[in-house]
Amino acid sequence: MAQKFEQLKEVMSNVEEDGPSHLAYKIHAGENYAHPQLCFFHVLFKAASLAFYILSTLFVDSFVIIFVVTVLLAALDFWVVKNVSGRILVGLRWWNEINDAGESVWKFECLDQESLARMNKKDSWLFWWTLYLTAVAWIFLAIFSLIRFQADYLLVVGVCLTLSIANIVGFTRCRKDAKKQLQAFATQTLASRVSSTIQSAFTVI
């Protein structure tokens, strides 16, 4: 496990820390996965939190241990997805801040359109499918806890599901915002070309 954390540190060291206005990425053409180590960690904490919760409910008697370890693994997954894998695998970033009026404001960032078009498709596929499937798994576990009237275990599942959904909502809204930027860029480019063509026509006349 220590070796895996060292690998994660190595991956994170490749992400430039130039503030929220800059997104770092690497493009490796011709590879199956552009970032196999990061893909591994993107899946690792999701699988670990789910596996530990399921197995611990069968073999561990202490609810405190189940709660602390499961939520800790889910929180690590939330942090890795939000701050590392989302930026590198799909070129998206989101965060939430409080403005001067005390209101919660969503902030979104994405790479430029040319860079987004060059993102590795398998990296992107893995990112989105594992994001959604993890939430689905927690929903099934929540239903199972409800059926068995286990309010304490439902609390654990509820916290993990909330963290999972937060990333889904954040990155989904970020992707929609990126599409709007693409449409606006395409419209602006088309209008600029039409304007240039008209000006050239009048110049010739």
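Contact here means heavy atoms within 4.5 Å, and residues 24 or more positions apart account for 73% of the contacts in the protein with a separation of 6 or more. The model is predicted, so local features need pLDDT of at least 70 and side-chain atom pairs count only at pLDDT 80 or more, whereas totals for chains, interfaces and linings use all residues. Residues are numbered from 1 along each chain as its sequence is written, and side-chain values use heavy atoms, with hydrogens and water left out.

**The whole chain**

Start with a cartoon view, in which the protein has six helices and two strands, running α-α-α-β-β-α-α-α from the N terminus on. Helices (H or I, at least four residues) and strands (E, at least two) are DSSP runs, numbered from the N terminus. Of the 205 residues, 36% count as buried, where buried means under 20% relative accessible area, exposed means over 50% and partly exposed is in between (1.4 Å probe, protein chains only).

**Helices H2 and H3**

Select residues 36-59, helix H2, together with H3; their axes come within 9 Å and cross at roughly 165°. The axes are lines fitted to C-alpha atoms, for helices over the stretch in contact, and the angles run from 0 to 180 degrees between N-to-C directions. H2 and H3 are therefore roughly antiparallel to each other, a label for angles over 145 degrees, while those under 35 count as roughly parallel, 65 to 115 as roughly perpendicular and the rest as oblique. The crossing of H2 and H3 is left-handed, meaning that the near helix is turned anticlockwise from the far one by less than a right angle, with clockwise giving right-handed. By class, this contact has 18 nonpolar, six polar and two charged residues; Ala, Val, Leu, Ile, Met, Phe, Trp, Tyr, Cys and Pro count as nonpolar, Asp, Glu, Lys and Arg as charged, and the others, Gly among them, as polar.

**Aromatic rings**

Next, display the aromatic side chains, which form nine pairs in the structure. Rings of Phe, Tyr and Trp (its six-membered ring) pair if their centres lie within 6.5 Å, and planes under 30 degrees apart count as stacked, over 60 as edge-to-face and the rest as tilted. The rings of Trp-125 and Trp-129 have centres 6.3 Å apart and planes at 40°, so this pair is tilted. Being four residues apart in helix H5 (residues 121-147), Trp-125 and Trp-129 are separated by about one helical turn, and Trp-129 is partly exposed, at a relative accessible area of 46%. Phe-127 and Trp-128 form an edge-to-face pair, 5.2 Å centre to centre with 90° between the planes; Phe-127 is buried at 0% relative accessibility, and Trp-128 is buried at 9%. Then select Tyr-53, Phe-63, Phe-67, Trp-138 and Tyr-153, which ring pairs link into a cluster.

**Strand E2**

Finish at Val-105 in strand E2 (residues 104-110), a residue that counts as partly exposed at 25% relative accessibility. Leaving aside residues up to four places away in sequence, Val-105 touches Trp-95, Asn-96, Glu-97 and Asn-99. The C-alpha atoms of Val-105 and Trp-95 are separated by 8.6 Å, with the two residues 10 apart along the chain.
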